[in-house]
Amino acid sequence: MHVRAVAVTTTALLGVALTAPLSHARADEAGDDGPTVVAHRGASGYAPENTLAAVDRAAELGIRWVENDVQRTRDGELVVLHDESLARTTDVEQVFPDRSPWKVKDFTAAEIARLDAGSWFGSQYAGARVPTLEQYVHRVEHNHQKLLLELKSPGLYPGIERQTLKVLANEGWLDRRHVAGRLVVQSFDADSIRTVHDLKPAVKTGFLGTPAVSELPAYAEFADQINPSYGSLSMSYVSAVHAFTGPHGRPLEVLTWTVNDADTARRVAGYDVDGIITNKPDVVRDAVD
């Protein structure tokens, strides 16, 4: 049966040198039936978000899934950074004082590579850089981790879906092994996720938000996950999402964000969510283990 289409748009360059493989003593799952724990922007409660240091910190904690945010520079390089502006998490205001409002899209990759993306978090991270997407996925691969990749504000970057998939392909992330269980692409922009699905149907996709239950059949045509804020979550909503089958023939999944304390982690785990996205993945893992 044809379901009406939905057109919904809702509301990091060089990093530190590679180290030896990190410890993976603990699994990323809370248990056989527990929710997957995802390190939000890496282990961003303990290291500067979206940097290679945050990826490594997640690995040191035994967390296998990391989440990141992808944007594009003025000269077309994909970089990993959450905000549209560089101001909050780099020293861009000191390095380029006359370039307000310091939007990622207004700077070249070489300019962004000059910025310190770690000192704001702590002096021990001074000199950390905003990674390119290539550098980021290389580090995730090096650490034997898995990636929940968010296309950030894709409306600002026409064609970013195809470009992101090209980078992933070039880095070996679109082979069967990766798409079967190590990669999900998500966004708040439903049209962007639909585009990813159309371009590469094998890739799992997630929609960030809480669509009405009546809209879920249409989302299920192109999204494998519905990923809402924990504040909008209920057991009945999770059950409703699970009742629908996604584009890969499996029940839709629910990953919720951003949960940083044990009590909330236990509460949303009780809703039977499939994953919990958190700045403090060890706290959440231990709470739901």
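I take a residue as buried when its relative accessible area is under 20%. The model I am reading is a predicted one.

**Entry 1: helix α1**

I began with helix α1, residues 52-60. Seven of the nine residues of α1 are buried, so the helix is largely enclosed by the rest of the structure. I listed the buried ones as Leu52, Ala53, Ala54, Val55, Asp56, Ala58 and Ala59. I then looked up what these residues pack against, and found β1, β2 (65-72) and α4 (133-142).

Asp56 is the charged residue I followed up in α1. Its relative accessible area is 8%, and because the cut-off for buried is under 20%, Asp56 counts as buried. Which side chain does the side chain of Asp56 make a polar contact with? I found the side chain of Asn143, at 2.9 Å.

After α1 I noted Gly62, which has a positive phi near 80 degrees.

I kept the background in mind: most residues other than glycine have a negative phi. I looked up two residues that depart from this.

Asn50 is not a glycine, yet has a positive phi of about 60 degrees. I placed Asn50 in the loop between β1 (36-39) and α1. Is Asn50 buried or exposed? I read a relative accessible area of 1% for Asn50, so this residue is buried.

Trp102 is also not a glycine, and I read a positive phi of about 60 degrees for it. Trp102 sits in the loop between α2 and α3. At a relative accessible area of 13%, Trp102 is buried.

The bond from Ser100 to Pro101 is cis, and I noted an omega near 5 degrees. I located Pro101 in the loop between α2 (92-95) and α3 (109-113). Trp102, from the previous entry, lies in the loop between α2 and α3.

Which residue does a cis peptide bond join to Trp257? I found Thr258, with omega about -25 degrees. I placed Thr258 in the loop between β8 (253-256) and α10 (262-270).

**Entry 2: Thr132**

I looked up Thr132 and found it in the loop between α3 and α4. Thr132 is buried, with a relative accessible area of 8%.

**Entry 3: α5 against α7**

I turned to the packing of helix α5 (residues 160-170) with helix α7 (residues 190-199). I noted an angle of about 50 degrees and axes 9 Å apart. The crossing in which α5 passes α7 is right-handed.

Which residues of α5 and α7 make the contact? On α5 I listed Glu161, Arg162 and Leu165. On α7 I listed Ser192, Thr195, Val196 and Leu199. I sorted the residues of this contact into three nonpolar, two polar and two charged.

Terms used. Residues are numbered from 1 along each chain as its sequence is written. This is a predicted model: local features need pLDDT of at least 70, side-chain atom pairs count only at pLDDT 80 or more; totals for chains, interfaces and linings use all residues. Side-chain values use heavy atoms; hydrogens and water are left out. Axes are lines fitted to C-alpha atoms, for helices over the stretch in contact, and angles run from 0 to 180 degrees between N-to-C directions. Helices (H or I, at least four residues) and strands (E, at least two) are DSSP runs, numbered from the N terminus. A crossing is left-handed if the near helix is turned anticlockwise from the far one by less than a right angle, and right-handed if clockwise. Contact means heavy atoms within 4.5 Å. Buried means under 20% relative accessible area, exposed over 50%, partly exposed in between (1.4 Å probe, protein chains only). A polar contact is a pair of N or O atoms within 3.5 Å; within protein, one must be able to donate a hydrogen and the other to accept it, and residues adjacent in sequence count only if both atoms are side-chain atoms.
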